[in-house]
Amino acid sequence: MTAIGSPPSSKQQNGQSAAETWTADDVFDDTYREKAGTPPMVLVWRNIILMSLLHAGALYGLFLIPAASPLTLAWTAVCYIFSALGVTGGAHRLWSHRSYKASLPLRVFLALGNSMAFQNDIYEWARDHRAHHKYSETNADPHNAKRGFFFSHIGWLLVRKHPDVIEKGQKLQLADLKADEVVMFQRRHYKLSVVILCFLAPMLVPWYFWGESLMVGYFVPGLLRYALVLNATWLVNSAAHMWGNRPYDKAINPRENPFVALSAIGEGFHNYHHTFPFDYATSEFGCKINLTTAFIDLMCFVGLARDCKQVSKEMIKARVQRTGGGGDKQG
Ligand code: ST9
Ligand code: ZN
Ligand code: ZN
């Protein structure tokens, strides 16, 4: 498979914006050869301490659940889905893979959800994710699953990056991201947007509208929800690279994992996704265990999204015959 499209300029091309004419630089590069030896891991103590505090706070939030009102629990679910969509429908399927086109209001909505998810800004997230696909499970993959479950889950955020991630990442085509004013606006104002959307809004809405305590608001829809969305996301990098079937390409490690698909609102069909990264549904089974696909379909229906890329049944069949055989499909 080869990437299609050519680098965009910031000018309009035939009435289409630069981002609209672009195909993402996310196709596996089998010409890259790792250098022998692994450089020593340099621990980043700031991140280790902050992640430990976050998870301790999330655990405390778990014990506060009985003290939360039903409305606060419903709000926690809303925050989970909104921040998850900012990652799945936004940073992942729209901005990393360009698998569909989104109108300005939808891009703003997704960027707000993305700031609530606090997983690095969209530009950085998409840059790392393109490197993950292009150099999957090598030293140039930021969360190389060959380095084990812990490293691919959270460990990669607690150490300095492997030099190959930066060296190879600097060669990625990112012009479409630089040309997207929503992406660059979010990057410029990232810290402020995270403070407001990830921490203040989840806490203050229940306090202001139905008199919830600030304590419950901070620890339940705030820290607990944030930690749950993070871990659901990280499971795609760890569990879905280790456990599950490989019906589309048995030569690669990413797997079909229904549990991950459920918690990550549709992102656990990872053998399919690494085989066909440009498919907007990240699965051949449409909306099944795939809330994100249902959301994008709804956005198309109301006219806020369009041009969803999808792999044909014939192409899937041909690919399964050529490289599949690693277990049954989940659909
Ligand atoms: C988080 C991210 O959690 C999660 C991403 C998960 C992805 C999952 C994908 C799976 C599929 C989708 C499923 C979605 C499911 C969602 C479900 C929802 C329910 N290319 O990074 P620095 C250069 S974040 C090119 O500091 P260090 C660049 O010049 C959690 N160049 O490297 C850069 O400067 P700048 C919260 C690159 O010093 C410079 O190097 N956040 C690349 O080694 C320095 O970069 C945190 O915990 C590249 N790929 O530090 C913070 N990379 O960026 C975590 C770097 O200014 N991060 N460069 O252009 C950090 O603290 C640091 O990055 C570090 C490494 C310590 C990890
Ligand atoms: Zn992956
Ligand atoms: Zn992807």
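A residue is called buried here if 20 or more other C-beta atoms lie within 10 Å of its own, exposed if 12 or fewer, and partly exposed in between, with C-beta atoms placed from the backbone. With that in hand, some notes on the model.

1. This is a predicted model, in which local features need pLDDT of at least 70 and side-chain atom pairs count only at pLDDT 80 or more, while totals for chains, interfaces and linings use all residues. Residues are numbered from 1 along each chain as its sequence is written, and chains are lettered from A and ligands numbered from 1 in the order in which they are written.

2. Of the 13 residues of H4, 11 are buried; among them are Trp125, Arg127, Asp128, His129, Arg130, His132, His133 and Lys134. Their cover includes H2, H3, H6, helix H7 (175–178), helix H8 (181–188) and H12.

3. H4 reaches 18 Å from its first C-alpha to its last, close to the 18 Å expected at 1.5 Å a residue (the expected span is 1.5 Å times one less than the number of residues).

4. Two backbone angles deserve a look. Phe118, in the loop between helix H3 (104–117) and H4, has a positive phi of about 45° although it is not a glycine. Ile289, in the loop between H12 and H13, also has a positive phi of about 45°. Most residues other than glycine have a negative phi. Phe118 counts as buried because it has 21 C-beta neighbours inside 10 Å, and Ile289 is buried, with 21 other C-beta atoms within 10 Å.

5. Asp279 lies in the loop between helix H12 (270–275) and helix H13 (291–301). Is Asp279 buried or exposed? It is buried, because 23 other C-beta atoms lie within 10 Å. Asp279 touches Ser99, Lys309, Gln310 and Val311, leaving aside residues up to four places away in sequence (contact means C-beta atoms, placed from the backbone, within 7 Å).

Note on methods:
Helices (H or I, at least four residues) and strands (E, at least two) are DSSP runs, numbered from the N terminus. Two residues are in contact if their C-beta atoms, placed from the backbone, lie within 7 Å.
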